[in-house]
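Colleague: I'd like to learn how to read the side-chain features of a model. Could you walk me through one?

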Amino acid sequence: MAARNRVLADPGFQRFAARFPLTRPIVRSKARIMFDRVAGFTYSQVIAASIELRLLDLLADGAQNLADIAASIDVPIEGTDRLLRAAASIGLVERIAEDRWALGGEGAALRGNGGIAEMVAHHRLLYADLADPVALLRRGAGGGQLSNYWTYAESVGQGDGDQVAAYSGLMAASQPLIATHVIDSYAFGRHRRMLDVGGGQGAFIAAVAARVPGIELALFDLPAVGERARRALDAAGHGPRVTIHGGNFLADSLPGGHDLVTLIRVLHDHDDAPALQLLRNIHAALPPGGRLLIAEPMAETPGAEAAGDGYFGMYLWAMGSGRPRSKKAIAAMLRQAGFSATSNVATPLPLTVSAIVASR
């Protein structure tokens, strides 16, 4: 490794590799990747501006000229032109004539997933905490704007509607794509009764209700969160199928009688000690042969390593709780909690969500 790094850092070798026909494509590819990493914040802000100004929604109705776009988004023509060019460079929009712009392929895909738009808007808080990343790392986890966004999760108390509304709403908006991948990957129909622990406003359990007939469903979360879940599930027509249990899953006993418990994007929100306590509480609530399904973005996922320890590692540090874990690390925690066997569940898009199932 040291020899490799000396060669790669040598200016003479860099000049040679950039000129030599066999290495030139590799050099250009590596340079493009490094530039994108350095410029990533700017790209993300172009996306944020496009969403905040509803530029993508505007162009989804049809191509428009520059002046009309500027008037619609209330930005001067020069600023609108700069935004459109930047958005076009990352595929959000496309120029179809000298003065006319249309929605691009990446923009269409972005509009099709409302959860991404919610996360982009939410990133204002993350970027504020990362404005001085060294200070963030030195002061310890949390303590910034993002950690204040999730105050209810740190409390053993009951919480209230105002505390849980923003974060629960974000999780509900970003849940549908996750839910689709999880339900496509695991045979929920083999179970009689399912308990979704930390189920938030019920977005995941509603997706299961819509696609898996016959299974009895229950949700466990803080009382204030459960109240929001009840309203959402009733509005969606799933209320009669779902029992809501209020409590704190770290301090209170979980209801028994379910042969499947699900943790959807919950475990990685907690540090090791509370995460292990949660797994032990679930183990105690499951009958012999019962299963626990954990689904969330995981560290060390082949092809998605940066998403695990890069994005979620820093996000959860700013949040003040939790860390991304590899499947191997989760399996070790499950064994420590008393589970007898674990197996990986293949998902269509591991970058977004991976899954592991454990048997009691």
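**Reading charges and cores**

Modeller: Start with D272, which counts as partly exposed at 37% relative accessibility. Buried means under 20% relative accessible area, exposed over 50%, and partly exposed in between, with a 1.4 Å probe and protein chains only. Mind that this is a predicted model: local features need pLDDT of at least 70 and side-chain atom pairs 80 or more, while totals for chains, interfaces and linings use all residues. Numbering runs from 1 along each chain as its sequence is written, and side-chain values use heavy atoms, without hydrogens or water.

Colleague: Which side chain meets D272 in a salt bridge at 3.3 Å, N to O?

Modeller: In general, side chains of opposite charge can pair when their charged atoms come close. The cut-off for a salt bridge is a side-chain nitrogen of Lys or Arg within 4 Å of a carboxyl oxygen of Asp or Glu. Here the partner is R323. The pair links distant parts of the chain: R323 sits in the loop between α16 (305-319) and α17, and D272 in helix α15, 51 residues apart. Helices here are DSSP runs of H or I with at least four residues, strands are E runs of at least two, and both are numbered from the N terminus. D272 also has a salt bridge with R325, at 2.8 Å.

Colleague: How many residues does the largest nonpolar core have?

Modeller: The idea is a set of buried Ala, Val, Leu, Ile, Met, Phe, Trp, Tyr and Cys residues joined through side-chain atoms within 4.5 Å. In this chain the largest one has 28, and L263, L279 and L292 are among those with the most contacts inside it. Several elements each supply at least two residues, including β7 (260-264), β8 (291-296) and α17 (327-336). Helix α15 gives the largest share, six residues.

Colleague: What is L292 in contact with, beyond its neighbours within four places in sequence?

Modeller: Contact means heavy atoms within 4.5 Å. The partners of L292 include V261, L279, L334, F339 and I356. There's also a second, separate core of 27 residues, which includes I205, A206, A209 and A295. I205, A206 and A209 are among the buried residues of helix α13 (residues 203-211).
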